[in-house]
Amino acid sequence: MLSPFTFGRTVRGAMFTDREQASAKLRSNFENRINTTLISPRRWGKSSLVEKVATQVNGKKIKVVQLDLFAVKNEEDFYSLLSRSVLKATAGKVNEWMETGKKFLKQINPTFSVGIDPTQDFEIKMSWEELQKNYKEVLHLPEKIAKEKDIDIILCIDEFQNIASFEDPDLFQKRLRSEWQHHERTTYCLYGSKQHMLMELFEKQSMPFYKFGEIMYLPKIEEKYWIKFIVSGFERTNKSITEELASQIARTVSCHPYYVQQLAHLTWINTSKKATVEIITQSADDLLNQNAILYYKETEDFSSTQLNFLKAVASNAEELSSKETISRFNLGTSANVSKIKETLQTKEVIDIQMGKVEFIDPAYELWFKKNVMKINLPNKP
Ligand SMILES: Nc1ncnc2c1ncn2[C@@H]1O[C@H](COP(=O)(O)OP(=O)(O)OP(=O)(O)O)[C@@H](O)[C@H]1O
Ligand SMILES: [Mg+2]
């Protein structure tokens, strides 16, 4: 029997839980042509959510085009991925892809070549010289196709923050923004795994993408959904877990979607029929052990005051820059504390939610408490 839990890839169907409000909101934005930026800490479920809503709205009148900038290192790659994906998603056959490409990329005049599977695959080559002069043709490609076909195109771009590492990121962002803002039939959904970088791109007044559209902050999935999800996953596969223990799984990793799935999976693997507290504790240890090398490395890179600061956070110290906390944890000065906060936020180790400093990675926090602070963790919820 396959595990009813999964992590490390986008989830759908029975593996996907909750997100009703966020799905409805994103769907409505797609249908009403509202550009959206989706922001959350790592692995909270952005890509899964976009995929889900994309499947819901994709049809005759709306075509969703999904790009992932994961491997895109420069402007040239960006243009070629964009044209290829838009052509492929909006036309039925290779011939039509090429014809449309030739028609709307006249100045650039790309060359097309058919890939291994001629019904599915084609490559598009554009000279960098022409692109520099005529990049607007590529940026307008989706809009032109949408208008011609009388459809709406939703362009979803994952790992969007990668554009910040292109050669001249400011110029490139200005180019995108100044063309995209005139599009009527193309709607943009931008997201990525580096929360801090995305916030810089979209929240800073001085940046080209400031107020480009709606910023949606994806919340965590609440415990009550996890309980149902975990209990039914066990039941479907002829094992059982009580609601209390399912809740313990969710709470151990602070309802972090990726880790809840990972811990639920390990518990499921370690359970032959009925889950117990001991099995969950053992599985949580397994989870930390699997990640230990990574955590050691991460910890080695911190300065001693940064470590002290994290100890204060892990101890739930109130008022991190108060005199008392500073002297108890040996944090130097309050200016020092602000600097540490900023650095650890940029490194995406901590996040500040409504004024409260939290570890972004709840499993790292557990490991940190256990190995750096030597706190024995309680077994019972
Ligand atoms: N709606 C959901 N229901 C159940 N599990 C989910 C859900 N969303 C995410 N997860 C869990 O979290 C993991 C990460 O999801 P996903 O890749 O969609 O997140 P992400 O925010 O795009 O991550 P990254 O920041 O790394 O790009 C999934 O593999 C799955 O285990
Ligand atoms: Mg993602």
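Select Glu-143 to start: leaving aside residues up to four places away in sequence, Glu-143 touches His-183, Glu-184, Arg-185 and Thr-186 (contact means heavy atoms within 4.5 Å). You are looking at a predicted model, where local features need pLDDT of at least 70, side-chain atom pairs count only at pLDDT 80 or more, and totals for chains, interfaces and linings use all residues. Residues are numbered from 1 along each chain as its sequence is written, chains are lettered from A and ligands numbered from 1 in the order in which they are written, and side-chain values use heavy atoms, with hydrogens and water left out.

Glu-143 sits in helix α5, residues 128-149 (helices, H or I, at least four residues, and strands, E, at least two, are DSSP runs numbered from the N terminus). Glu-143 is buried, at 6% relative accessible area (buried is under 20%, exposed over 50%, partly exposed in between, with a 1.4 Å probe and protein chains only).

Now colour by domain: domain 1 is 19-217, domain 2 is 223-297 and domain 3 is 302-372, with bounds from an automatic or database domain assignment. Over C-alpha atoms, the centres of domain 1 and domain 2 are 37 Å apart.

Next, select ligand 1. Its shell takes at least three residues from each of domain 1 and domain 2, and α2 (46-57) and α10 each supply at least two. Of the 23 residues around the ligand, Thr-6, Arg-9, Arg-42, Ser-48 and Gln-261 come nearest (a residue counts if one of its heavy atoms lies within 4 Å).

Zoom in on the oxygen atoms of ligand 1. A polar side-chain atom of Ser-48 lies 2.5 Å from one such oxygen, and a backbone N or O atom of Gly-8 is 3.0 Å from an oxygen of the ligand. The protein buries 95% of the 630 Å² that ligand 1 exposes when taken alone (Shrake-Rupley method, 1.4 Å probe).

Last stop: α15, residues 362-372. How many of its 11 residues are buried? The count is 8, among them Tyr-364, Trp-367 and Phe-368. Show α9 (243-252), α10 (257-270), α11 (277-300), α12 (304-314) and β9 (356-359) too, as the cover over those buried residues includes these elements.

At the N-terminal end, Asp-361 caps α15, with a side-chain oxygen 3.0 Å from the backbone nitrogen of Ala-363. Just past the helix, click Lys-374, which takes a positive phi of about 55°.

Key
Polar contact = N/O pair within 3.5 Å; in protein donor to acceptor, adjacent residues only side chain to side chain.
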